Amino acid sequence: EMSKNGIDPKNERVLADLAEIISTNTELTRKMLLPLYRVRTSANQNYFSQFTQPEETLDGGDGGDEIIVESSSLVKILLRVDVLQSTLLTALVQKLPELAAASEEEEDDGINNDVPRLIFSNIR
């Protein structure tokens, strides 16, 4: 229940929204499971990107050096929050049978096939 000042002290809205996203939106769940990559340029600018195979250097055009560092995924970061952990784990584990059934129906859908692996990788 929300308090009078609009604060969600028990994170109930966050938990409900996370569980709904995981149960209904496989593509968004997949993006939340993928690692983020921090890219630091020679001008000391940082930005985050999300792609499956980072290149050693990105084409900067001016020969500037860019360093790419893998970071945790959003789900892995959220799993570190004690209040969110059990609900998030439950939602992820409940998604596995649905993904298994979908992969049996569809021959070669790379999105559904790598989500179970990503779930286990984030739980580890």
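The following legends describe close-up views of a predicted model.

Local features are reported at pLDDT of at least 70 and side-chain atom pairs at pLDDT 80 or more, whereas totals for chains, interfaces and linings use all residues. Residues are numbered from 1 along each chain as its sequence is written, and side-chain values use heavy atoms, with hydrogens and water left out.

**View A. Salt bridge between Asp-114 and Arg-30.** The structure holds two salt bridges, a salt bridge being a side-chain nitrogen of Lys or Arg within 4 Å of a carboxyl oxygen of Asp or Glu. In the pair shown here, Asp-114 and Arg-30 meet at 3.1 Å, N to O. Distant parts of the chain are linked by this pair, with Asp-114 in helix 5 (residues 110-123) and Arg-30 in helix 2 (residues 26-33), 84 residues apart. Helices (H or I, at least four residues) and strands (E, at least two) are DSSP runs numbered from the N terminus. Asp-114 is buried, at a relative accessible area of 13%, and Arg-30 is buried at 15%. Buried denotes under 20% relative accessible area, exposed over 50%, and partly exposed in between (1.4 Å probe, protein chains only).

**View B. Salt bridge between Glu-98 and Lys-95 within helix 4.** The closest N and O atoms of the two side chains are 3.0 Å apart. Both residues belong to helix 4 (residues 82-105) and are three residues apart, about one turn of the helix. An α-helix has 3.6 residues a turn, so residues three or four places apart point the same way. Glu-98 is partly exposed, with a relative accessible area of 39%, while Lys-95 is buried, with a value of 2%.

**View C. Buried residues of helix 4.** Helix 4 has 24 residues and spans 36 Å from its first C-alpha to its last, close to the 34 Å expected at 1.5 Å a residue; the expected span is 1.5 Å times one less than the number of residues. Among its buried residues are Leu-84, Leu-88, Leu-92, Lys-95 and Leu-99.

**View D. The largest pocket.** Its volume is about 210 Å³, taken as the space filled by probe spheres set on grid points joined across faces, edges and corners. On a 1 Å grid over the protein atoms alone, a pocket is an open set of points where a 1.4 Å probe fits, with protein on both sides within 12 Å along at least five of seven lines; lining residues have an atom within 4 Å of a point. Of the 15 lining residues, Leu-33, Pro-35, Glu-70, Leu-118 and Ser-121 are the closest to the centre of the pocket. Helix 5 supplies the largest share of the lining, five residues.
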